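Please work through the exercises below with the sequence and the model side by side, and try each task before reading its solution.

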Amino acid sequence: MELSERIANIQPSATLAFSNRAKEMAAQGIDVLNLAVGQPDFKTPSYIGQAAIKAIEEHEADSYTAATGILPLRKEIANHINEQHGTDFGARDVVVTNGGKFALYAVTQALLNPGDEALIPLPYWVSYGEQIKLAGAKPVLAHPSQGLKVTVEDLEAVYTPQTKLLVLNTPNNPSGEVFTKDELTAIANWAVDHDLVILADDMYGDLVYNGTEFTSVLDLGEDVVNHTVLVNGFSKSYAMTGWRVGYAVAPSNVAAALGTYLGQVSGNMAAVSQYAALTALTDPRGKEEVERMRQAYEERLNTITSLINDLPGVSVTKGAGAFYLFPDVSEAVELTGFQSTDEFVNGVLEEAHVSIVPGKAFGLDGHVRLSYATDLATLQEAIKRIGDFIKRHQ
Ligand code: PLP
């Protein structure tokens with residue numbers, strides 16, 4: 001059958017492809033270490049699962065809910081956001097979706113027209129560009145002129161009168177970089193001056209390390225808030241990737257449009273997961289659990305950064321958030337005689353049995369992304385194997 005042009009234009013997710021290859025190898029009995037996927041190695045806290053079981057047993061989760069989600073969850077999300085950022089959102093401004101991924105998709109569908117341009121700073125999370133294309137709009141990449149964080153000048157260089165939306169993801173997947181308050185303020189003010197929508201992906205906002213302060217665009221005052229649609233979810237902070245709970249918080253007219261859209265496209269996301277998410281937010285143990293996981297990621301980051309920097313031809317700036325590092329391996333690729341970063345990464349997988357993702361998937365060749373949402377012993381062994389691999393090919 002002939003596929004639509006819309007879908008034929010879409011690239012499959014590279015992170016899933018590398019992770020799936022690692023799983024296939026593991027199924028063949030190969031001892032493969034998978035650092036390709038952004039999947040917390042922690043279990044969902046058990047009291048959250050218990051709340052879901054209770055919702056099932058008491059038949060609370062049997063029926064359709066509002067397409068935008070159950071009212072108590074939307075209220076709690078609004079309270080949580082208001083407490084964190086001093087905003088004034090209500091339940092009507094919140095829509096609950098099938099993961100943050102679908103919230104991002106719904107927002108691009110609700111706000112972009114064919115011919116619109118949407119700015120994506122590099123390096124970027126894999127799905128933004130494809131979702132923007134699915135809305136018929138054009139993804140426009142903004143290259144950081146220095147390091148891994150864009151500035152106003154970098155954005156200005158690719159701005160056109162067709163630019164409608166700016167994606168901002170801090171802490172960043174794949175780089176682990178976090179915008180300082182000053183950096184973010186300059187960018188947000190620039191976006192407001194150009195009357196852009198800021199699509200803020202704060203998915204890793206709870207995961208910052210070594211005293212780094214997380215600033216969200218929602219912290220930057222009313223003008224910025226009125227130009228912002230926030231996307232967040234429970235996958236990363238609460239180790240709930242499988243439950244698929246995300247949300248968007250938006251000015252009321254956008255939230256209403258998202259509600260209409262969800263009502264036609266998906267209906268509500270699974271009611272049982274909504275009850276689980278409600279408990280994640282309201283149970284007093286929630287904050288402790290998030291902090292316990294944050295501390296574990298911090299310890300790993302502090303241990304592996306220098307190990308990675310000791311690898312021949314590899315350099316990495318220490319990440320400040322999320323659970324990814326994005327080392328520059330261009331020298332190692334040269335040293336080992338591989339033709340490209342992709343070939344180097346394939347070699348690492350097939351020979352050293354470590355799965356990482358080439359930077360090209362995130363728009364920046366010469367880098368690789370590795371996730372440290374994996375126990376420390378596995379991370380140390382993986383880095384050792386990569387070191388041995390480089391030395392063997394030198
Ligand atoms: N945004 C970023 C930056 C991510 O890394 C992810 C997941 O990897 C998501 C959004 C979507 O997360 P989910 O759909 O699990 O809520």
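The exercises that follow concern a predicted model.

**Exercise 1.** Find how the axes of helix H5 and helix H6 cross, and which residues make the contact.

*Solution.* Begin by locating H5 at residues 99–111 and H6 at residues 127–134, whose axes come within 9 Å and cross at roughly 35 degrees. Then look at the residues that make the contact, which are Lys101, Leu104, Tyr105 and Thr108 on H5, together with Ser127, Gln131 and Ile132 on H6. Finally, sort the residues of this contact by type, which gives 3 nonpolar, 3 polar and 1 charged.

**Exercise 2.** Describe the residues that surround the ligand.

*Solution.* Start with the count: the ligand is surrounded by 13 residues, and the closest are Gly99, Gly100, Lys101, Gly233 and Ser235. Then consider where the shell comes from, and you will find that H5 supplies its largest share, 3 residues. Sorted by type, the shell consists of 2 nonpolar, 9 polar and 2 charged residues.

**Exercise 3.** Decide whether Ala322 is buried or exposed.

*Solution.* First place Ala322 in the loop between helix H12 (285–309) and strand S9 (324–325). Its backbone deserves attention too, as Ala322 has a positive phi of about 60 degrees although it is not a glycine. Now apply the cut-off, by which a residue is buried if 20 or more other C-beta atoms lie within 10 Å of its own. Ala322 has 31 other C-beta atoms within 10 Å, and therefore it is buried.

Notes: Residues are numbered from 1 along each chain as its sequence is written. This is a predicted model: local features need pLDDT of at least 70, side-chain atom pairs count only at pLDDT 80 or more; totals for chains, interfaces and linings use all residues. Axes are lines fitted to C-alpha atoms, for helices over the stretch in contact, and angles run from 0 to 180 degrees between N-to-C directions. Helices (H or I, at least four residues) and strands (E, at least two) are DSSP runs, numbered from the N terminus. Two residues are in contact if their C-beta atoms, placed from the backbone, lie within 7 Å. Ala, Val, Leu, Ile, Met, Phe, Trp, Tyr, Cys and Pro count as nonpolar, Asp, Glu, Lys and Arg as charged, and the others, Gly among them, as polar. A residue is near a molecule or strand if its C-beta atom, placed from the backbone, lies within 6 Å of it. A residue is buried if 20 or more other C-beta atoms lie within 10 Å of its own, exposed if 12 or fewer, and partly exposed in between; C-beta atoms are placed from the backbone.
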